[in-house]
Amino acid sequence: MIGVGKLKQYTNVLDKPLSKGKQEVSLSAFAFLFSELVQYNQTQVDNISELERRLEDAGYAVGARVLELLCHREKGNRRETRLLGILSFVHSTVWKVLFGKVADSLEKGTEHEDEYMISEKEPLVNRFISIPKDMGTFNCGAFVAGIVRGVLDNAGFPAVVTAHFVPVEGQQRPRTTILIKFAEEVLQREARLG
Amino acid sequence: MAGAAIYSLFIINKSGGLIFYKDYGSAGRMDTNDSLRLASLWHSMHAISQQLSPTVGCSGVELLEADTFDLHCFQSLTGTKFFVVCEPGTQRMEGLLKFIYELYADYVLKNPFYEMEMPIRCELFDLNLLQAVQKDRVALLSR
């Protein structure tokens, strides 16, 4: 066969396939950058919910870009249109590219039909972060929540996404749960599609 | 062997202020004022020892041996000092100090809510430190 065992030569740069990209970055470099992001935003706000919102907004921009990239790179320019499809896309594909592993769990909320939860025992962003007692329930996972909202929103699944600490029995450290509450129109559309 | 090999751990910032103190043994417990005083005392002694030392480019006292305790000191490049007071003759304290320095670099310096040169109040640092010291204790007991 022609071209077997030989790297294909592309004369035009536009014909080259999109590269896989570098899969790993230094955890320390990321931790310091993220720490600076939090510290900078802290100087810009007066209260904790405002800080949470700003982190979420920063994540939203990441999510929007990641969706675009991954649809092209991993999905052959196709995008999920069903609720469960997009959720498992976030839980596995997005998580794997951003954090090097799939998320620990994806569950449906027990109380409400429109709620889903992605849980992570020790999210990458929280690896080195201890929240001071006076900040209450603040969670830097708000950044990750923003990423999830960015992906979902741009894929046509508007949702409210929040990050929470959930204590685990027999564990010293609580886990972080990303709570996704979809907009009504999304569920109506899902019901129509059957 | 009575109790733990490590009596206490101190971390002092580059100007001699105590930013972390932890007691491990039951003997020789100190109140806050005493620990602060001892920390800045050690800081000054360390600085003086550098000046008095006959060797050129001396980086200060690394080990102080007394009748009832040993004091191991490790100074990072930025001037933060870590020191443990332990039972006389306890081995491998340099390794433990280096490891504590690593924990400090990870769980204190990468924490956005920590202010430089201020007292350390980080849950994750406490947690990992406790584990490290316990592991050290187990290793000592199983000798």
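**Exercise 1.** Why does B:Arg92 count as exposed?

*Solution.* Before we start, note that this is a predicted model, in which local features need pLDDT of at least 70, side-chain atom pairs count only at pLDDT 80 or more, and totals for chains, interfaces and linings use all residues. Residues are numbered from 1 along each chain as its sequence is written, while chains are lettered from A and ligands numbered from 1 in the order in which they are written.

Step 1: recall the classes. A residue is buried if 20 or more other C-beta atoms, placed from the backbone, lie within 10 Å of its own, exposed if 12 or fewer, and partly exposed in between.

Step 2: apply the cut-off. B:Arg92 counts as exposed because it has 12 C-beta neighbours inside 10 Å.

Step 3: B:Arg92 sits in the chain B loop between strand E5 (81-86) and helix H2 (93-108); helices (H or I, at least four residues) and strands (E, at least two) are DSSP runs, numbered from the N terminus. Although B:Arg92 is not a glycine, its phi is positive, at about 60°.

**Exercise 2.** Work out whether B:Glu117 is buried or exposed.

*Solution.* Start with the location: B:Glu117 belongs to the loop between H2 and helix H3 (123-141) of chain B. Next, the backbone: phi of this non-glycine residue is positive, near 70°. Finally, B:Glu117 has 11 C-beta neighbours inside 10 Å, so it counts as exposed.

**Exercise 3.** Describe the make-up of chain A.

*Solution.* First, count the elements: chain A has 5 helices and 4 strands. Then put them in sequence order, which gives α-α-α-β-β-α-β-β-α. Lastly, of the 194 residues in chain A, 27% are buried.
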